[in-house]
Structure formats: C-alpha cells, structure tokens
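Please look through the structure shown here alongside its sequence.

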Amino acid sequence: MSIYRTHILLPVDEGTVQAGVFQIKRLLESELRSRKLEDEIKVLESASVGLIGKGVILSVYPDRIYYYQVTDRDITRIIEEHLLKGRVVESIPHEKLADLAAAKVQNRVGLTRDQLRIVLDKAWTMDPENIDEVLASGGYAALEKIFNEKISPEAVIAEIKKSGLRGRGGAGFPTGMKWEFTRKAAGSEKYIICNADEGEPGTFKDRLILEGDPHKLIEAMTIAAYAIGAAQGYVYIRGEYELSIVRMQKAIDQAKALGLLGKKVLETSFSFDLEIKKGAGAYICGEETALIESLEGKRGNPRVKPPYPVSHGLWQKPTAVNNVETLANIPAIISRGADWFRKIGTDKCPGTKVFTILGHVEYPGLIEVEMGTPLREIIFSFGGGMKGGKKFKAALLGGAAGVFLSDSLLDVKMDFENLKESKAVLGSGAVLVMNEDTSIVDMLFSIVKFFAHESCGQCAPCRIGTQQILQIVYRIRQGSGKAGDLETLLNLAEVLAQSSLCPLGQSLIMPIKSALGNFREEFTVNLSNLKQINLVK
Amino acid sequence: MNREKILKKYKPQAANLLGILHDIQNASAEQYLTDGDLRAVADFLKLSYSFVHGVATFYTMYSLKPRGKYLIRVCQSPPCHLLGSTTIARELMRLLGIGFGATTADKRFTLEMSSCLGVCGVAPAMMINDQVYGNLTTERIAEVIEGLRSGQ
C-alpha cells in the first residue's frame, strides 16, 4: 500500500453531485497528474456529511480544513497555496473540521458546530468501501471486545438495557427489552432484521448511514445476533436505494473475507450470516410485520398484532427488527459503556438523534445532535434559519405520519418524551419547515394523497377511509368545502385511528388533527362564504 | 441475462420472489414483466400465478406494461410538494406530451409519480433511471429532457 502525504476527500451525495463534484474531481486529478503530485496526494470520494446547499465540499487531511462552495476556478489556488505551500486559501469559504466523534464537542466551529456524532462519527472521514480504513478507525472493535473479554449474550443485553437506547424508527421502544424478549422466546431458530426500508417522506438518515458506514451496521447486527441467539440476519433495504445496496453488499463480502462475518466469527464458535433483501417500492413495508411478510416473498400486508415479531416473526420464529439508526448506536455503547451513553441526551431518551432539516430553510441537510435539542436551535442554528428572511409558519415533524407545529412550540425539546407531552412526535426525525407563504391546506392535501396512495388495501377502514378523507381535503383546497366537512374529517380520522389494523391508518389523525388544531382559520377560509358562517360558532 | 439463467441463480424458495422479479425486470429492455415471466416464476417457485401477480402489482417498482428507455420518477412527497413538485410534474407532461403512467410513442420516456426518493435535501427532485436530478426548475427540466433527446 502506498503512503500519501495528503488526502483530499470529496463527499459525494445528491447535493454535491448537483453542484458538480465529479467535474471538480476530474479537474483536480488531472491537475495533480500534470504537476506530478499524484503519488503524494490522494483524491478520495467519501460519504455525505449531510451539509446540503453548501455546494461542492472539499476537505484536506490531515489538516482538517474543509472548503465549501468550491468551483473549477478554485482548484489551481487550492493546489498551489494549500497543497504546495501549506497555506489555507483564505478567499475560498472554509472552516476547520471539528472532531465530530469527540464525547462532547467543545469547539464551536461553523457548519459542524455543536453536533455530536455517534451514529455518523466516521462517515466523511474515510472511504466507506475500504475495510482497511474502517478497521483503522476502530471498526469491529466492539465485536472484538465482546469475544476477547468473553462477555455473555445476557451481559450484552444488560448493557444495552442499561444504556436506555430506544428504537430510532419512530416508536421509541427500548432496544434492550426487544432483544431480551427475542432471546427468551421459545425456539432455537431466531432472526435479526435491520429495517432499512426508509420511506418516511423527508427522511434520508438511514441512507446516509448505509452509504457512509455500512460496516458499522454489520458489526451491530452481528452483536445483536450474538445477544439474541440468531444465526441468520437480513438487511431489508428499499429498492430505490441502489447505492446503499451496492455498498452494503460490498461491505458484507469484505467482512466475510476477513472472518468478521459468516462461519466462526473471529475464530470463535459463533457463526452469523447476513443477507440483503431488496424492497420493491411500498411505504407500508417500513412497518415491521409488513416488512417480514415482504421478506417472505409476499405482498407487504401488515399482520395483526399480537403476537409480536419477538415471538412470532420471520417464518413465525422469534425475530428482532431494529431500525438502521438504532443499530448504529450499538458498537459505541459496547465499546464505551452504557454509563458514557447515558450522559448524552436526556434522562429518558439518552444518546443522539439524527435529524433531517428540509423545506424553507437556508441549509437543508442532516445533523446528529443530542436528544432534547430544542427545535428552534435545529431550525435556526443548524438549518441556517428561514430562507430569504421569510417568517416561520409551521414545522411538520416526523414525516407524513407527523404533526404540524406552529411557532408557539418552537422551543420544544426534541425527544420522545417532551414531544409526546406537547402532543407531537419525534417520528423518524424529519423536520420540514414551512414559511409564511405556505398553505397548510395544500400541505395536508399532499400528505393525505400520500396516505391514500400508500394504504396497502388490506383493511377496510384505511383503504376506504383514506380515499374519503382525500376527497374532503381536495374540495376544501378547491374552495368548495361543505358545512360540516371539518367535523367529518376529524370523525373519519378518529375512526381510522381506532379501527385500522396498522400504524399507517392509525396515524393519519396526527397531521389532520394538528393542522386543524393549529391552523383552523385556513381551513374555514377555504370553505365557501355561506358555509363558513355555518361553521364559525 | 435471460429468464432461465436468472432463475438458475436462485433456490426455488418463495422468499426469493421479489429478487427474481427485480432481476427479470432489470434484464428486460423495456423494463417490465410479461405475463409469461409471471407464469414462469410461479412455476419455478411452485406458487400460484395469482399469488405472483398479486405481488407484482403490489409493489410500485414492478411494471406489467412496457416502459421507455428513460424512466422518469417524479417525487410527489410533502417535502418536494412544498418546493414546487406540482409545477415540475406539469412541465414534464407538457414537454413530453404524455400523462403520468404513460410512455411516449417513440418509447423513449416513461413518466411515473413516486413517493419519497430520500433525496429531500435537493427538493424538488426526480430520478431518471438510476440518476438523481435535484433542485429542479422548469428551465433545468427542459435542459435535461433536451439532453436526453439529443442522446447526450
């Protein structure tokens, strides 16, 4: 392996690709070649860091400087000034990279300020497709620790329980308990499934974990399998995430070749095999029992619960289904201990949370911060505030199955408990920000349309109810609502909440109730004048 | 790869159904599954034809109709909607002269609506085959379609 004095990392994601990262890469490489620097300086593509709206990002290692909004014209200056003379090019926007993985980030610097990364600590600072780099940066250390220190499966579960880790897929169920139930369930054949069917609108955190650090997921699933007593695991990745599937497969192959996965993991008596299953476009498959059905090769119709997957899961065997982000916390908890983990976040929701900030903000993108970070900080510090200086109107939290918040709740702390108290949800961690020009009626229409399309059709309340709700919201949006429409809307949503088989139908009430509760005047204005009189009491 | 070769790659287990359908569709020049495909897969997995048909029509990524060389999937989810995906959808229909779910007469373009593509940072967004196009404007769409038409 050749040694390079400097590495240049170019994060590749949809934002930097739109901004022309590949053109910059080609230019940079040809410039380096023509100056005969290609043996000293290595150009690498890294995973996304989550800063979207900052153009092409280029970071120089080991100097830990990153430039952003880099254009063709900057290449020569970066080479001549920075790479040859060691001087930072002051005229190009740049910042010093904080140590995102440090226990608590002290230095408040620029775009990465105050982030605390456990889940995404290594993405962006290494080539995710190179297992040597992964191992050099501490990958698989937690797995080795378990075998070296002969930690029993029960002790692993006890540590995860003690850490207070809760599922990051939306429901917030304690992970350690889920593992314990699965371990204790009757039967010798058990499974671990990673739910990577990320489909909640506005969410792309799992994709960046899959693309940025797939080995962490393999390590976590191996630990989970050891803890619950599974010999086989599946990663169910949504079919649209082509790059995630490719990277994950590569990572699995590399791990198997090194004996980190497969028969006799790390030369112990423990064997664990992992396989990718590709989804085919169905939001409902994010629901764990629908996902299991799909994995079995069927339509993704949710099952009636109970029994739960922990006792009757894949092929009716005990199965633990964990979200990508949840699993990505496991290696750090094992390596650094539950006590360390508990110091981060809030008492009832320890750890960090990955949020995606979207909509009318200056810098859409992804951040990882402590649980309990106030919404205001997420939007106004990390998201850079409202785009174009417009006024804040609403935020939709948790995706389509989420809740509309008005400005009165901007100071709410973002964790499971605090949001529940404010009748909101954390969900997947999506924060969709809307400015003063946004029509909430129109946004609700978009959400209801989504639900009507994604209803699997198995149970009548959801199949028929979502269509009826869509018709009502449609006519209100067209300005031809009828008297009593708002009451009917709420009633129908309540019926769905009470009688639908799965969380899809059950959760449509959240956006409807919060939209009507916080922005009722917009709905009454959209009813015709005469009928409006009937409505306003 | 033809259908027989694809089937040989797999064990005849029902859990492989989705993967087999993906592979056969990907190998098809017109990116779709024929009735013959569904029957052959049903035979191979010892499943009923109606079961396989039910699965193929449940998931949005499978098509039972021939599709164009360029499959355009426009994201319709709330984050893209907020930033103007309706305008984008209208402009695509105007430029291509077809509605959603349809394919142009020259079999080059198919227009489909899509749920969240997971690239919300660059909303409004669409995918053409495997490539993401984000921060879309009407001008940008015209450029992209023109580029594909002239074979770039």
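**An enclosed helix and its surroundings**

The buried residues of helix H21 of chain A are covered by elements that include strand S14 (403-406), helix H17 (440-454), helix H19 (485-499), helix H20 (503-507) and helix H22 (520-525) of chain A. Here helices (H or I, at least four residues) and strands (E, at least two) are DSSP runs, numbered from the N terminus, and two residues are in contact if their C-beta atoms, placed from the backbone, lie within 7 Å. The model is a predicted one, in which local features need pLDDT of at least 70 and side-chain atom pairs count only at pLDDT 80 or more, whereas totals for chains, interfaces and linings use all residues. Residues are numbered from 1 along each chain as its sequence is written, while chains are lettered from A and ligands numbered from 1 in the order in which they are written.

Helix H21 (residues 509-518) of chain A is largely enclosed by the rest of the structure because seven of its ten residues are buried; a residue is buried if 20 or more other C-beta atoms lie within 10 Å of its own, exposed if 12 or fewer, and partly exposed in between, with C-beta atoms placed from the backbone. The buried residues of H21(A) are A:Ile509, A:Met510, A:Pro511, A:Ile512, A:Ser514, A:Ala515 and A:Leu516.

The domain assignment, which is automatic or taken from a database, divides chain A into domain 1 (6-96), domain 2 (131-341), domain 3 (348-435) and domain 4 (440-535). Taken over C-alpha atoms, the centres of domain 1 of chain A and domain 3 of chain A are separated by 31 Å. Five residues from domain 1 of chain A and five residues from domain 3 of chain A take part in the contact.

In chain A, five strands form an open sheet of mixed pairing in the order S2-S1-S3-S4-S5, where two strands pair if DSSP finds at least two bridges between them. Strand S2 (41-46) and strand S5 (94-96) of chain A are the edge strands, each pairing on one side only. Within chain A, strand S1 (residues 6-11) and strand S3 (residues 58-61) pair in the antiparallel sense over three bridges, and A:His7 has A:Tyr61 as its bridge partner in S3(A).

Strand S6 (residues 191-196) of chain A is largely enclosed by the rest of the structure, because six of its six residues are buried. A:Tyr191, A:Ile193 and A:Asn195 point one way from S6(A), whereas A:Ile192, A:Cys194 and A:Ala196 point the other way. S6(A) runs parallel to strand S7 (residues 232-237) of chain A, to which six bridges join it, and A:Cys194 stands opposite A:Val235 in S7(A). S6(A) also runs parallel to strand S9 (residues 319-323) of chain A, here joined by five bridges, with A:Tyr191 opposite A:Thr319 in S9(A).

A:Thr319 is also one of the contacts of A:Thr182, which, leaving aside neighbours within four places in sequence, touches A:Lys190, A:Ile228, A:Val310, A:Pro318, A:Thr319 and A:Ala320. A:Thr182 is found in helix H7 (residues 175-184) of chain A and is buried, with 27 other C-beta atoms within 10 Å. A:Thr182 and A:Ser311 lie 129 residues apart in sequence, yet 6.3 Å apart in space from C-alpha to C-alpha.

Strand S10 (residues 352-359) of chain A is mostly covered, with eight of its eight residues buried. S10(A) pairs in the antiparallel sense with strand S11 (residues 365-370) of chain A over six bridges, and the two strands form a hairpin with five residues between them. S10(A) also runs parallel to strand S16 (residues 430-435) of chain A, with four bridges joining them; in S16(A), A:Val431 is the bridge partner of A:Ile357.

A:Val431 is among the residues with the most contacts inside the largest nonpolar core, which has 200 residues; such a core is a set of buried Ala, Val, Leu, Ile, Met, Phe, Trp, Tyr and Cys residues joined through C-beta atoms within 7 Å. Helix H9 (residues 214-228) of chain A gives the largest share of this core, ten residues.

Finally, the contact between the chains takes 42 residues from chain A and 32 residues from chain B. On the side of chain A that touches chain B, H17(A) gives the most, with six residues.
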